[in-house]
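Please look over the sequence and the structure before reading on. The paragraphs that follow go from a helix to a sheet and then to the domains.

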Amino acid sequence: MTLLQVQGLTKSYGARRVLREVSFAVDEGEVVGLVGTNGAGKSTLGDIVAGITPADGGSMTLQGSPYAPLSADDARHLGVGVVEQLVRIDPALTVARAVFRGTPQAGRPQAELRRQAQVLLAEVALDVDPDTLVGDLPHFVHGLVETARVLAEDTRLVVLDEVSAALLPLEVSRLHAVTGRLRRQGRGVLYISHRLPEMLEVVDRVLVLREGRIALDSPSADLDPERLAAETVGAPVAPPAPRVASVAAPVLQDDVPVPADTHPAPSGDDVALQVRNLRVPGRVEGVDLVLRRGEVVGLTGHRASGVAEIADALSGELPAVTDELLLHGEPRSLGPADECPLRLPAYHPDQDAYGVDPGETIARTLTQEAWGALTDIRTEIATLRGVIRTVHQFDVKTLSIRTVFGALSGGDQHKLALARWMASARDVVVLHEPTRGLDVRARAQVRRLLDEATAHGTSVVVVSVDPDELAECCDRVGIVSGGRVARWIDTRELAVDAVRERIVEAATAA
Ligand SMILES: Nc1ncnc2c1ncn2[C@@H]1O[C@H](COP(=O)(O)OP(=O)(O)OP(=O)(O)O)[C@@H](O)[C@H]1O
């Protein structure tokens with residue numbers, strides 16, 4: 001039976017027509033995938049269904065009754081819940097209070113909420129104490145707390161807006177288990193994601209949003225990731241090619257566990273960073289790393305594996321010790337009060353809204369440094385041309401470079417923030433999840449950005465939960481477990497799919 005029927009929805013922001021006569025249905029007990037390029041209007045559509053944004057035209061029915069929510073609260077009372085893409089929960093709330101906020105139980109004592117929250121958190125396989133403050137949780141967890149909140153209500157339809165984007169393969173499987181349960185309970189799910197292979201595993205049907213319209217409405221059984229990628233961009237998409245390393249990377253004995261006492265190869269001219277026996281008390285037990293000029297090394301592992309701490313130590317955010325640490329052969333250290341500390345610049349896609357003022361225009365955001373220094377009209381024209389080139393190069397959906405940054409889609413914000421950051425990236429840098437939330441074409445653009453930087457000698461450590469991202473971007477990938485690199489996987493000369501599978505297998509087994 002039809003749960004949600006959407007008929008002829010339209011939505012524009014100024015002159016930008018985002019949705020043009022969008023119609024589709026979600027049945028009871030059906031999981032429907034929604035895909036499209038960055039800026040295609042997926043979140044806008046999800047937000048209209050969830051009462052966050054009003055449509056300009058069109059109509060909806062829910063279980064046969066007219067459905068026109070006035071707000072997100074109104075939609076929730078009518079049985080439609082949403083987990084938003086850039087969800088930010090009040091950091092001062094406990095997890096229990098966050099799960100029940102806005103529900104009839106919200107005013108109950110913490111002890112009672114705690115008990116009930118525990119059950120819901122177990123359902124989304126989130127192992128956190130309900131008394132923990134939201135502010136003490138890593139950001140990726142917020143989406144799961146929101147998913148528990150949706151379960152707390154009598155929700156008939158759930159919109160999941162890129163909840164899986166920041167999750168490890170194991171966590172994605174758990175999210176999919178929750179989705180399966182919602183299906184069996186007869187609820188409907190609108191599942192928005194750019195991680196196409198994973199999405200196809202869980203959805204019954206896929207809608208492709210292109211040029212503001214539903215360009216494809218197909219059972220998932222008739223699709224594969226390549227075909228879906230092509231439908232998403234409206235043209236054939238070349239499968240991602242393995243990276244051709246800019247430098248002669250070390251030959252690895254693929255899939256062979258690294259003995260605990262393995263030391264890096266001796267330093268040479270092409271070695272950018274050499275780390276021997278990196279330790280962070282209680283978290284990292286002894287990591288060796290050799291990063292050559294122009295090399296991209298990936299690191300991944302479970303949340304408690306120590307992978308985040310390794311990255312934080314290298315960027316100076318966490319005190320650590322090493323037996324030896326050389327940057328281009330020069331000694332460095334990781335202690336807070338040391339004379340020559342190593343502070344690798346690090347990019348985080350979700351930190352402080354990219355360190356960018358969302359009210360600032362695209363033009364100013366991309367030219368912040370140059371702006372103040374503009375002294376003549378020719379320089380100004382060249383600078384603005386550069387901005388327009390970047391906007392085109394990254395296929396950002398906007399009508400003007402005077403659009404404010406915060407009005408761009410999540411993926412478009414991330415692309416421009418990364419392009420801005422990479423423009424000044426030199427030498428050795430750390431990138432967290434560089435393609436998170438990006439469509440298939442944008443992922444290739446980021447790959448090109450990386451290839452260009454590494455061709456000029458920049459070396460990169462990529463920290464990621466996404467096996468596709470690691471397979472596409474890196475020359476080799478370290479699987480971190482128990483505070484050590486338990487295994488190195490060589491990505492050269494293997495198809496990206498094969499590398500992905502090895503990473504998932506090794507990361508799950510670790
Ligand atoms: N509040 C707003 N003001 C102006 N424009 C907006 C606003 N919200 C969204 N838009 C525009 O609507 C378009 C669709 O954005 P939306 O966030 O729905 O895309 P999306 O498909 O979810 O993209 P992504 O995959 O990057 O998250 C974009 O061009 C965006 O700039």
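A residue is called buried if 20 or more other C-beta atoms lie within 10 Å of its own, exposed if 12 or fewer do, and partly exposed in between, with C-beta atoms placed from the backbone. This is a predicted model, in which local features need pLDDT of at least 70 and side-chain atom pairs count only at pLDDT 80 or more, while totals for chains, interfaces and linings use all residues. Residues are numbered from 1 along each chain as its sequence is written.

Helices (H or I, at least four residues) and strands (E, at least two) are DSSP runs, numbered from the N terminus. Helix H9 (residues 307-314) is mostly covered, with 7 of its 8 residues buried, among them Val307, Glu309 and Leu314. Just after H9, Gly316 adopts a positive phi of about 80°.

Turning to the sheet, two strands pair if DSSP finds at least two bridges between them. Six strands form an open sheet in the order S6-S7-S8-S3-S9-S10, and the pairing is mixed; its edge strands, each pairing on one side only, are S6 (80-83) and S10 (213-219). S6 pairs with strand S7 (residues 157-161) in the parallel sense over 4 bridges, and Val83 has Leu160 in S7 as its bridge partner.

The domain assignment, whose bounds come from an automatic or database source, gives domain 1 (2-233) and domain 2 (271-509). Their contact (C-beta atoms, placed from the backbone, within 7 Å) takes 22 residues from domain 1 and 23 residues from domain 2. On the side of domain 1 that touches domain 2, helix H6 (169-184) and helix H8 (225-233) each supply at least two residues, and the largest share, 3 residues, comes from H8.

Notes. Two residues are in contact if their C-beta atoms, placed from the backbone, lie within 7 Å.
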